[in-house]
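Dear colleague,

I am passing on the structure we spoke about, so that you can look through it alongside my notes. Please open it first and keep it in view while you read on.

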Amino acid sequence: MLASAPGLSGRWQRLEPRPRARMLRQVLHAGLRTSFHALGRFVASHPVFFASAPVLLSILLGASFSRYRVEEDVGSLLAPKHSLAKIEGNLVDSLFPVNRSKHALYSDLQTPGRYGRVIVTTRKGSVLDPVHLDTVLKLHKRIYQMQVTVPATGVNSFNYSFSYLCLPDDKNVCIIDDIIRAMEEIQSARASNSSAPPLRYPITELADGRQAYIGHQLGGVQGWAPNGAVRGQGTGARGEGVRSARALQLTYYLQARGGLMDRVAGQWEKAFCAELQHFAASHPKLGLYPSISSSLRTDFQFSSVLAHQPLLVSLGACGVLVVLCCSMRDCVRSKPWLGLLALLSITLSGLTAAGILNLTGATYNSTYLGIPFVMLGHGLFGSFEMLSSWRRTREDQHVKERVASVFEDVMLRLSGSTMLHLMTLGLAASPLTNMEAVRLFCRTAALAVTISYVYMLSFYSSCLVFTGYLETGYRHGCFCRRVPKPDRLDSKPAWYRCLMYTRYQDEAPATNPPHVVDPGHAHAANSGLTNTHTHAANNSAADGLVANSAHAHPHPHPLAHSTANMDHNPQDSHLLLGCVRRCYGDWITNTYVKPFVVLLYLVYISFGLMGFLQVTQGSDPSALVAMDTATVLYTRAQQRYFSSYSPVIGFYIYESAPYWNASVQRDLLEYAKGFQRISWLEAYLNYLTDRNQSTSQPRENFTNTLRHAFLREPQFAHFADDIIFAERGQGEEPDVAASRIFLVAKTTENKREEMSVLLDTLRRLSLTSRVRFLIFNPSFVYLDRYAAAVSSPLRHSLLAVLFLLGLSSLAVVEPLVSVWLGLTVLSVQFGVLGFMTLWGVELDCMSVMCLISALGHSADCSGPLLCGFSSGRGDSRTRWVRLALERHGVPSLQTLICYGAALVPVGSVRSNLTHTLFRCLTLTAGCSALHTLAFLPTLLTFLPPSKSQGQPPDGEPQRQEVECVEMNDSTRVVDQITTV
């Protein structure tokens with residue numbers, strides 16, 4: 001129609017050619033918006049199918065919960081998947097397996113498949129006092145004699161005791177801790193009225209002459225100084241006398257030789273915990289803190305059990321606020337059911353994703369508690385954007401056209417934000433991620449976001465169609481009954497009139513006088529994602545100018561035409577929309593408020609930088625389990641009483657070395673200098689020195705004396721577990737193929753950080769040493785390059801977002817929009833990372849998952865606002881900021897309100913994992929809200945993009961008088977006769 005206007009056609013011919021990039025964006029936008037417009041009409045034409053198909057699919061897939069499985073190997077989730085420590089651990093297990101140790105085991109170094117461990121503390125006095133010592137030995141005897149019956153009932157039941165399940169020594173006697181032997185010697189000496197053997201710390205000498213390290217078995221030790229004074233806890237030198245000890249740790253190792261024995265060992269561990277609980281109840285003067293091999297797994301998964309009820313409360317609170325956010329005073333245009341249906345759509349998508357995981361054999365873990373909130377933030381924002389766009393459509397159009405217009409306006413932005421989510425989550429779920437927990441979380445979250453997007457296009461859109469037909473028929477938005485006209489409503493009571501209030505279409509002025517429209521304003525007022533097309537009230541971009549001009553109500557200013565109905569009827573306005581339009585928009589763009597907002601942003605950056613410089617890694621698995629559980633209580637007791645020394649570190653020489661060489665001996669002694677150590681080499685060299693033999697002997701003599709003299713002495717026989725001999729040939733003395741030395745370092749409060757530094761130092765030393773060695777402790781699996789492993793998926797996701805924004809700016813999005821969105825995402829990420837550190841959250845796998853999801857959440861909130869602002873041309877920046885806040889800031893505000901309400905109950909869960917989740921997601925929502933509602937609206941009023949582009953040159957006012965005549969029939973379908 002416009003093409004037939006000669007004046008307008010000639011004016012188009014005088015336009016200068018635009019850059020190719022902008023033309024490419026125009027073509028792509030035209031194709032995408034037309035495609036979404038057609039998709040909207042198709043969904044609106046088949047609403048029953050698109051509403052029922054997701055429900056049926058969710059029910060079918062939900063039936064697969066019979067295959068629900070929980071992850072058993074928590075260590076593989078929380079430790080880096082590929083690390084040198086795991087390779088070293090496999091090598092150590094192949095050289096020195098636990099079953100090969102026939103004399104002593106170190107609980108911090110050797111961790112077999114099954115074990116029972118307990119820390120015994122005294123509330124007053126020392127565990128070495130006669131009363132407490134007898135009680136501890138009594139506890140040991142009861143555990144030793146404890147039996148379990150497997151199976152519990154039946155003829156084939158058999159009783160298994162610890163002596164049947166334990167790891168035996170060379171005499172086929174159960175290996176027990178050395179502190180038990182020392183305490184038994186003290187008890188025997190006291191019973192015979194003889195002097196008890198002196199107990200030294202951390203290395204003591206037993207009655208058979210063997211030296212034993214008890215630093216990990218005796219805790220809270222006070223020793224005697226040479227002058228008889230009392231030393232503080234753990235301040236003495238090697239072998240100081242023990243005056244008192246506050247804690248004792250006992251470990252009982254089990255062997256699982258097959259499926260049946262593993263089940264028996266599992267039953268014994270449960271009986272072990274029950275026995276300790278019963279013993280603690282009868283001996284209140286002692287504190288018992290048990291730990292078994294399955295404690296970490298049980299307590300880690302227990303967070304999901306504790307979160308069941310709070311998650312239901314979160315869903316209920318979110319449902320109430322969603323209903324309020326979708327409600328208006330006008331009972332017909334109010335959409336309370338649509339808010340609940342948005343939550344139902346998110347729930348169905350979650351059920352579908354869970355069904356797919358069950359069918360594919362995936363396992364669940366407690367980190368998946370964050371996935372519902374990723375879906376909630378993305379899904380609610382999409383639903384509120386669609387509802388906001390629906391309210392801007394013309395009410396006199398058919399429902400199919402209104403839904404198509406909503407698709408054309410919203411789905412391009414929603415698809416872009418979904419792509420950002422999938423890009424960040426997908427790259428973090430790739431094999432590049434070294435943390436298995438992060439990889440599985442991001443893979444599942446990407447699947448859930450994809451299904452949520454599909455259900456938003458199908459299920460929620462079909463629900464929008466149904467509510468649109470209710471609105472067309474003037475039916476109540478809540479009760480679905482037809483609302484009487486005002487003449488019939490006047491005779492009703494006041495409460496009924498308030499409940500049934502609405503505005504009929506025929507209440508508008510009967511005639512629409514011609515009015516003048518500025519084409520630049522008309523284009524901008526209904527623009528969508530960019531400036532290339534006009535959101536033209538369900539018409540194409542070519543005739544959008546006329547369609548937008550033909551509004552049902554006159555309006556004095558072109559910027560206000562999309563909200564003319566609400567301006568003439570302020571009581572119809574949505575509460576939040578009215579507040580933003582009448583109050584907040586004017587206040588945030590006020591000249592006197594802008595300096596304070598800029599100052600607030602500088603304060604935000606300053607505190608974020610302060611926290612960023614203090615980021616610490618959280619490699620301790622106990623920081624991700626439920627509170628008040630066995631793992632947490634045991635870890636606290638261990639840190640309190642056993643933090644003076646590091647765990648036992650194994651120094652493994654895995655290749656044959658010339659131990660008889662004096663220079664090699666000096667090197668090995670130098671490496672172990674400064675450690676508390678149990679070294680066969682040091683003991684052997686002292687043995688040779690005591691017998692006036694040279695320590696530098698030929699290989700045959702050195703090895704022969706080692707095998708046939710040194711290792712046959714009772715006090716040195718236990719060193720046979722630490723040496724592996726390799727046969728050379730018949731008649732030749734074998735070589736020492738491999739050996740091990742045990743080292744213990746003095747530590748302070750920052751035990752894990754010091755262990756990490758020690759690991760790096762000794763590894764660098766191993767690269768330059770002539771002797772090939774490695775060091776290992778099971779905790780190294782969590783420490784080894786943990787910072788790089790846990791932060792790499794976050795860096796990859798952030799780079800993926802910036803790359804996607806840069807690539808899309810070439811063809812889809814305005815370049816300045818990409819720049820602003822990239823800076824906003826970086827700013828939000830920087831703030832969340834800094835503030836979470838100030839809040840006491842460490843950088844562990846759970847916080848990294850939240851940071852990755854924060855990338856998509858910040859893009860959801862700020863992306864539409866930036867697109868809405870940059871799409872307009874003409875007028876002032878302030879007017880476009882206010883209009884963008886009305887159209888896109890209000891949906892963001894509604895989403896953040898509902899999202900925040902859903903997070904509150906999660907903060908009450910007694911779990912370290914959920915506390916990390918709550919704090920990180922709360923900071924994500926808060927930082928996103930600050931940027932969307934405060935920082936961006938202020939900065940956009942004086943920073944690019946400019947609003948002067950696209951305006952006609954001076955002296956050529958392009959104004960057209962458009963007369964629109966609307967003809968309304970009974971079906972409210974409008975035919976327009978327009979003259980230009």
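At what angle do the axes of helix 25 and helix 26 cross? Please bear in mind that this is a predicted model. The axis of helix 25, which covers residues 680-690, and that of helix 26, which covers residues 699-710, come within 12 Å and cross at roughly 95°. Because angles of 65 to 115 degrees count as roughly perpendicular, helix 25 is described as roughly perpendicular to helix 26.

As for the residues that meet there, helix 25 contributes Trp-680, Leu-681, Ala-683, Tyr-684, Tyr-687 and Leu-688, while helix 26 contributes Asn-701, Phe-702, Thr-705, Leu-706, Ala-709 and Phe-710. Sorted by class, this contact between helix 25 and helix 26 has 10 nonpolar and 2 polar residues, and no charged ones.

The cysteines were the other topic I looked into. The structure holds 1 disulfide, and it joins Cys-166 to Cys-174, with an S to S distance of 1.9 Å. The torsion about the S-S bond of Cys-166 and Cys-174 is about -75°, and the disulfide is therefore left-handed. Both Cys-166 and Cys-174 are buried.

Is Cys-861 buried or exposed? Its relative accessible area is 1%, so Cys-861 is buried, since buried means under 20%. Cys-273, by contrast, is partly exposed, because its relative accessible area is 25%, which lies between the cut-offs of 20% and 50%.

How values were computed
Residues are numbered from 1 along each chain as its sequence is written. This is a predicted model: local features need pLDDT of at least 70, side-chain atom pairs count only at pLDDT 80 or more; totals for chains, interfaces and linings use all residues. Side-chain values use heavy atoms; hydrogens and water are left out. Axes are lines fitted to C-alpha atoms, for helices over the stretch in contact, and angles run from 0 to 180 degrees between N-to-C directions. Helices (H or I, at least four residues) and strands (E, at least two) are DSSP runs, numbered from the N terminus. Angles under 35 degrees count as roughly parallel, over 145 as roughly antiparallel, 65 to 115 as roughly perpendicular and the rest as oblique. Contact means heavy atoms within 4.5 Å. Ala, Val, Leu, Ile, Met, Phe, Trp, Tyr, Cys and Pro count as nonpolar, Asp, Glu, Lys and Arg as charged, and the others, Gly among them, as polar. A disulfide is a pair of cysteine sulfur atoms within 2.5 Å. Buried means under 20% relative accessible area, exposed over 50%, partly exposed in between (1.4 Å probe, protein chains only).
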